[in-house]
Structure formats: structure tokens, C-alpha cells
Amino acid sequence: MHVLDQDLLAYEPEMGRRSFLKAGCALVALTIISPPRLLAAETAGPATPVVPLVPGVARERIEGRTKVTGQKIYARDFHARHLGWGAAQCYAMYLPALTTRYAFLNLNLSQLPPDAQPVRVVLGNELGSSLPAAPKSLNAEQAEVTAANSSGSFRQPIEGSYDLIVRPGSAANYLGQPVALLVFDSLATYRAARRAMQFRDKNFQIYSPDESQPDDLATPAGTPWPELVHFVKYFDGAENFSFATVDPDAYQADLAKYRALVADSMSLNSDFISADVVVDTQAMDPMFMEPECGLAFYDKTNTRLSVLIGTQSPDHDVASIAAMYSKADSPLKVSEVVLHSVYPGGGFGGRDCSPFSMLLALTAAYSDGKPVQLMYDRFEQFRYGLKRPASQIRGTLVADNDMKLQAIRAQIDFNGGGTRNLSPYVAGLAALCVGGAYEIPAADIAAQSIHSREITGGSQRGFGGPEAFFAIETALDDIAIHQGWDPMALRRANLATRHTRTVVGGIINQDLRLAEVMDAAEAHPLWANRARIKADHLERGQVYGTGLALSMQAYGTAGDGMVAAVEIDPDGRINVRSNAVDMGNGSATTLGVVIGPILGANAQSVEMGSSKVFKATGLSARALPADWGNPHWTQGEVMSSSACLTGLHQVHTVQQTALALMHGSILPVARTIWGRTGIQLADIAWNGDMLVLRDGTRPAIGRGDLARAIYARGMPYGAVGHAYIQGSWVEADFDTPGGTIHLQLDGLSYQMPNTETPLFRPRRNTIPPPIAAQNAYRYAWAPCANVIGLTIDPTTGLVCIENVVSVLNAGRILVPELVSGQSQGGIAMAIGYTLLEDMPDGMAGAADGTWNLDRYRVPLGADVPLRAIYQPGQRGQELICLPETPGDAGAGRGIAEAVMCAVAPAISNALRDAVNKRFTSLPITPAKIMKGLAS
Amino acid sequence: MSLVFYVNGVIQTLDARRGPELLIDYLHDELDLSGTKFGCGIGVCRACTVSARIPPDTAPVPVISCSTTLDMIDGAQITTIEGLRLPDRLRPIQEAFLRHFAFQCGYCTPGFVMAAQIFLDGLTDTGTLPADLDAAIEAAVGSHICRCSGYVRYYTAIRETAENIVFRGD
């Protein structure tokens, strides 16, 4: 039996969370089926572990064994038969628009040989009526509102409001928009058609000879997608104005006045030193290794539409699909949408609210009741997939003669492409990050994502941070060089600290330890000896430079909710479930071990992307009254997923939930067995698999015996915890079988033997998040400094990154290998972003169908320093993590993007040091360098 | 006329008219061997790497299955990631990749495993000196693309395995 068939025996019966989407008078059920539960490393492979397991320590990555043996299952590995949808399946192919200037008229498939003909051709005019569309939503809650209030059309389910498939007679609204859907009834026919059509698109599409601009319905091209962000901060003695501190109405009313004051403050003092910010960054393909692929099937009998996707946003996808099929002119009656969420082969944000889910779901309406597969090849992935949007940043950074930064002004424009995706939110975070890691009293920062005809821009690793830190960190160096100041000293003079106000005006309520970060960077030989290293290279005829950059990436959003379940089975093994969607199993690995010190053992299984957990909390963001006095209400249910949300957010939630299980179940059972009612958590400890009483007056109890007693006595076998953070964690008291416990959770339920219904524990004495944090925009920070040494060949413009030293405040290091792995991955991706990866706009770029990895150059091993330590004369990358302090309170930080954000500016600053030229247009290609050197 | 080749030791006899078909499609569609991954389809990313002994040569070489047609492997012995499986243990390079947390999403991992195994199998024959090891590793896997991990851990694991097995004789 093939591994897929084996796996699906466990996969298929697992039913997911069900919720409902109101669509006019109808009700559409939404069901998400989670990926298969992951067995911990020690139980999931052919090898016998030889190293004893240590609670809290990860020996290898969960699911690692399936990956090194080729057994790991991705979306691309599925066939309809694996899902019980039948032995036969169809194959779908979209044909993309080749222009936005001329109207698409029709297809001409006469050149397709007979063995390559589709059984179904769908053009845009077949999709539905032309009723106005509803605004697109980016999460399930909004989708419900959308569908309930919508009279929109099946063919235009998304904001813009553009056709899913261009209607004949109309010009495409953007590149990457399909003009036709072809359905094939066999794999051979599909492949024959692909061979016949690839690189010959023009032979099969007919366009009007006359120019015909596309219609813009809601947001014309050239105008910004909502929402725009404008942060003006002016703190001058008694006159204080900022987004975070002023009433929203007053903020808008006084914005112009304070913009003028900021402008005055920048221009009136002739002693001020200013640096222009002129930054351009290119569109970038996430280039995850597995091109998007999925299956769709409409079960007519049960009016159920099922899709299988590797996605970062299952909630968004399932809601969007349901909203589309709930339109009055839908070709299918859909009463339930089932989304099988499977592990993606990479994501980096490119699978977050991807248009792929809608296009996949659409195929089911035209496959004659058969399951259908949509699988992009790499050329198609480049054509259709979300991009990191290109950006342009213009502005000014001002300092005084005492090295103190006085003000920053910036206009940040992202090229959002043809549909509104996450790019407006990317712009928003860039606006915050462009203030850098510094105290700046005045700011005037506007950011927007602009609608264009390009392939849609979404989010990508860093979420606006790489662009923003590139801007301020290169400008800082320009000021330092202009004044003859040490770049380290200039940064030191302005470092943000706890209580600093960001450019939004929100107060930083964390110990950033930026001074310690700078201490470590400054003391490192790569920086301390930079002059000598440069001279040594010069003696060998090599041009060398050293660059420094600092970042303070914000992670999380303005307020974040998350959920976890921790269970003990009758044999004493621990299982963890989380709503978080994991891509590389790093989050699963981390969550599986961080409960080890609390429960005496690492998890034997971790279920990620679990869609059922939240429902068990008994909470809702829609519960009334909507305030913290209502124990059923929470301000935020579950946030979207990203690797940077593991270290703090998800870990906190699973640990607090484990503590609730320990206190509410294991502790009272131990009291009973020992006959000591007064025992508290502080009185007990784990010694291997044995729970011991610290005073030694009772015999130790095995975890298996405790588990059996839990089940026998009807005690909770699992805890489900929900946490919410906005500036600080919501805290509350909860009554448990072990007594009252104070937790940093806002929701807690227990799972009881012999019943499906969780036991809801209403919170009491709730401490809500601080009011001051409500408009702070972000509240969690991951500071990092990069020092980069590089060589440049002035005859070719080729750059070689010789060494990277990263100093990171990661809080508690939970799994060291995962922290440094994130750093190394971020450095490689950033090197590609800074030096290699380039993609022109329009039909010169990915939209023309000829782009693949032969043209889009991503970093290879030779492009990155491969040794994990700095040694003079060798290429290496060294990660220095600040030692944990009591101020960390045992918490980690989300660092998945932190190191990446300070790579591009450090490279540009190193180039400036090497050749005395400033490069602020990414990627810094050899051609740009040669042009710069010649100027 | 027939095409004859072996996949993981099992003979495959096909009508020669199937010669233009791609090896990766054959592995996926006919044999359900989905461990070999499709990445770029043009032989650049190397996620689809398999091992082949192609007569008259006896040494295994990496083959890019997304760009290799069946008529190109007539007479060859193909080994996929599934064919490396041992009944009771992982191979040292697989253990090393695990131990070093070499990968994240893992989609590129089968390609790295195959290329590294071929490299390790041939290391003693090539007479590679310790000082040349880094260059030899670069030659073996330097074209493979990993988007997640940044390569450091893959290279470290291969280097360590090469040193242990070949130079120390573990």
C-alpha cells in the first residue's frame, strides 16, 4: 500500500470544526479538516532513538523522518482516490491574460491537436450576471458579513471588483487574471495541451486590435487600496500629538496642522543635518518549493463542495469559497464547504490569502461532477502567485549636531497589483518600521498600497520590515558619513528603550536591550577589526567593506488571540493541539517540547492547524455584551499564522494551558493518591516520568498511573486555553478541580472523560489589556543587529558576502537549532532579495509565462556563508543571542523575520564602505554596481 | 521495441513509444513514488533528483527526473528516495540531516538526500582529501535549491557525515 493510502486511513475520519456562514436566507456550513496529526520524532520513523528524551529539549524536527525518507505528504501528492472521491479525476488549466490594454475576444484552440483538446472551455461570460460585487474580506468573520449582505455575482466575488475570468469583449484588469478555464478528462490530454500551448499563448488567444482599457469598478488603477496609513507624531513639551495618543476624530481633524509643525521642525533649524531617503525595492516571488496545487470536488447529492489545499489561511479560504458559491447566480447549490488543509511545501506569506483557493474552487463547477485537480507548474506559479509587492520610499531623516534624531518624513508606496490582498497591511507595518529602532520625537509617515495592473501583491516574509529598515538604516549611515560620525555611535545616541514612543506614538513596554545588542556587535572582531580586515583585503587586491544595520521588527498584530489544547491520554502520553498553521514543523516541534518542563514529558503528538480547538473554549468575539466582564467574550479569536508568532504567542498559550491541566487535573489526583489535600504546585516536581513530592514524605507516582487515575475518577484529561494579548496578556482567575488558579488566559475549558462537551470555566477577576495599548499598532519587538563583511569585484560588480554576524534579542531560546535555522534561512532569503532576485513589471516579467528558476535567480549554497561561526579568513555566519534575563519572564520572541530585516541595509552600507557609493535600489545587481562605479 | 529499466530494483518494461515521457511523471503516475518532488520542471532546483546507474558506467550519478525522458534511461537502474529505505534504520546522511535540523518545509529534502548519498558513495573512489571536502560538497549539492533553511545545516550535515564515514571510517 502506498504511503498516502496508509496515511489517509488516519486522515479521513478526522472531522474538523464546523461553523456556518449566513448567505442571504441560506446557511452554508464551513468545515476545515486539519492536517494529519503529527507524531513526535521518537514515534514516527524507522529509526530507534538512541538519545534519551529530555523534557523541554527537541532532538529533531517533528516529521523530520518523513521528510528524509520521502514520505512527507504535500498537496501535490494527493489524488482524488486518496480522498474517496473516486478513481477518476479531471485536470484544470487556466489561461492568463496577455495584456491589459486590449480586449480579450475569444480563444482559438484550433491549433491544439485532437489528443490535447479540453472537454470543457469556460469563458468569463459563463460565470454569472454582472451585479455589483461585495467587498472582499480577509477573514472568516468578515466573510460572514459579506455574504449576508451581498447581492453580488458569482463571477465577481472579490473586491475590485473584477471577474474571476475576464469576460470576452473586456480588457483584463490585471496581469495574472485568467481569460479562460480549460478542463481535461485525462492526465494525458492535459499534458498534451500543456506541451502544445506552453510559450505559445498568443496562438490561442484573440484580442481586439484596438486599445480598450479595462473597467475599474471600485478602486481605479493608480489609486490606493484601502486602508491608507498616516502616522504623524509631534512631541514637543506640552504639545503632544500622535496616532496612539489622540482621539481618532481629533487625530484626523488636526493631522494637517501637525504635519505642518513636523515640516517646520525639519526645516527651520539650519543646524540640522538631513539625509534623503530614496529607496526602490523590486517585486519578489516567494518561490516556495512546491508550486500551488489542489483538488476540488462537488458532491451533488449532499450539495457539498470539498477542496484540498496547502494553505497558510484555511479560515479565509473556506469563507471566501463559501461566499462565492452563495451568490444568487452560483452555478452550484452549495450547503457545505469542506476544506482539507494539508501541509504546504513552503509559504513565506505567498499562501496567505492566495487567489489559488478561489480559482481551485471554481473548477468544481465545470468538471461535470468529477473531482478536478489544479496544479501549477513553476511557470504558472510565477504567473499567478502572490508577490512581495515592489515599493518606493521617499523621505528625509533629520538629526541635530548632537547626534540626536529629530524627525523622519516618509512616503511609502507599495505596488499592490490587481486585487486587494494583504499589501495595505504590509504598507501599514512598513510605516511603523521605518522609524527603526530609535527614539524620534517627530514623524510624518504615510504608507499605502496602490492598485495597479500588475500581478497581485500580498505579504511576504518581513511584512514591510525589509523595505522600511532598508530605508532608515541606509539614511542613518549617510548622515554618519556626511558628519564623520561613527555609525555605531550615531545609532547608540538614539536607541529606543522601554517607554520610548514609536512613530505611532505607542509606548514600548518591553526591555529591548538594544544597547546590549550594539555592545555585542561593536565588540565582535568582524566590526572591531574592520579596518584591518579591509586593509588585508586591499593588500591582496580585493575591495572589501563592512556594513552595520539595526532592526526592531514588530511581530503579531495590534491585538492577537490564540488557542491551544493539551491532553493526557490514559497511558500518560501528552498530546498538543494548536490552531496555528505550520509550514516547516518548527512550530510543532517547539510546542511539543515547551510543555515538557510543566508536564514532565514532551508531547508524543502535536496537531497543528487544528480547526476544532477554538470552539472548545466557549469563547466568541461576537458574544454579547462585548466586554471583558462577559466571560464568554474575547476581543480576538484566532490570529493568522506565521513562524514569528511561535516564540511568544503560541508558546505562551500552550504553556499556560499545560499549567491549567497540571493544576486542574494532575495536582488534585496526586493529592488524593497521596492523601495530602494541601499540596500545591510548588510542592511537587517531575523526576523523569515520576511525580514526586518535594518533601519526600510520599512515594513517587508514575505519569501513567496518574493518567489512569484521572480517567477512572472522571477528572479532566485535557485543557483548552485561549489567550489574548494587546500590550500585555489578559489575566484572570479560573476555578478548577484543583482550586482557583490565576492564569494569563482569557478562556479555559476542560475536556472530561465520557463526554464530548467541554467544561467551560468562566473567568473571574479579569485584568484586561491596558487602554494605552489599543492604538499602539504593535506591542512586541525582536531587535537584531547585523554586521556584514563583503567583497566586491570592481571589474564585474559581483558581490560576495564573506561574513555575517547577527546579534539577536530572542528572549528565551526555546529550541536553539530552530532559532539559528530561522536566522540562516532569513539571511539566505535576504541575500537573494538584496543582490539577486529581480523581476521586471508587466509582460516583461513573470506574467509572460517564460519565467522560471533559470531566469529568476535565488540564492544557492555558494551565495551564503556556510559556516555557522565566524573565523577570520573563512566565510561564516554567526548568530549571537543575548543571554536571557529575568525581564524576559521565560518568554521567547518571534524572530523569524528579525534577522532578515537588517540584511539589505547592512549590505548596502558595506558597499558604501567598500566603494564609497550608495545603492538604494534593490536588487543591487552587478549592472547597477557597475553603473554606480562609473558615475 | 521496448524500453527496459529498473526502479528501486524492480524491472520496468515499456513500449518504446513511451520514450518521450518524463521520468518524474512515470514515478508519480505509474509507480506512486511521490517522494521525488516536482519543483521547477526544468532541471534547475534539483528537488526531483534521483540516482541512476546508466550502462556502461557503473557509478551512480544524479539524474534530474523532471527533465529526463524514459528513453534516456533505457537500461539504467534508477533509485529513488524510497529505494534508499533500510528495514531497521535510516542511512547516516538521513540521520545527519535530522540531527542538524537541516531542512524546514522538507520539499527539497529528497533531492538533497539523493545527491548527498551519491556523493558519499563515491567519496572514497574519488580520493577526495579533507582539505578539498568543502569544494567537493559544493560540486555535489551546490546546484540544489532550498528556500527555507539557508543551506548551512545541509552542508554541515554532509560534511560531518563525510568526515565520519570516509575519513574516520565510522
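**Sheet and domain chat**

Trainee: How do S20(A) and strand S34 of chain A pair?
Mentor: S20(A) and S34 (residues 781-792) pair in the antiparallel sense over 12 bridges. Two strands count as paired if DSSP finds at least two bridges between them. Helices (H or I, at least four residues) and strands (E, at least two) are DSSP runs, numbered from the N terminus.

Trainee: And what am I looking at overall?
Mentor: A predicted model, where local features need pLDDT of at least 70 and side-chain atom pairs count only at pLDDT 80 or more, while totals for chains, interfaces and linings use all residues. Residues are numbered from 1 along each chain as its sequence is written, and chains are lettered from A and ligands numbered from 1 in the order in which they are written.

Trainee: Which residue stands opposite A:Ser551?
Mentor: A:Cys784, in S34(A).

Trainee: What's the strand order in the open sheet?
Mentor: S20-S34-S35-S36 in chain A, 4 strands with mixed pairing. Strands S20 (543-554) and S36 (876-881) each have a single partner strand, so one side of each has no neighbour in the sheet.

Trainee: Switching to chain B, how is it divided?
Mentor: Into domain 1 (2-84) and domain 2 (92-167); the bounds come from an automatic or database domain assignment. Their centres, taken over C-alpha atoms, are separated by 22 Å.

Trainee: How many residues are in contact between them?
Mentor: 16 residues of domain 1 of chain B with 14 of domain 2 of chain B, contact meaning C-beta atoms, placed from the backbone, within 7 Å. On the domain 1 side, S3(B) gives the most, with 3 residues.

Key:
Two residues are in contact if their C-beta atoms, placed from the backbone, lie within 7 Å.
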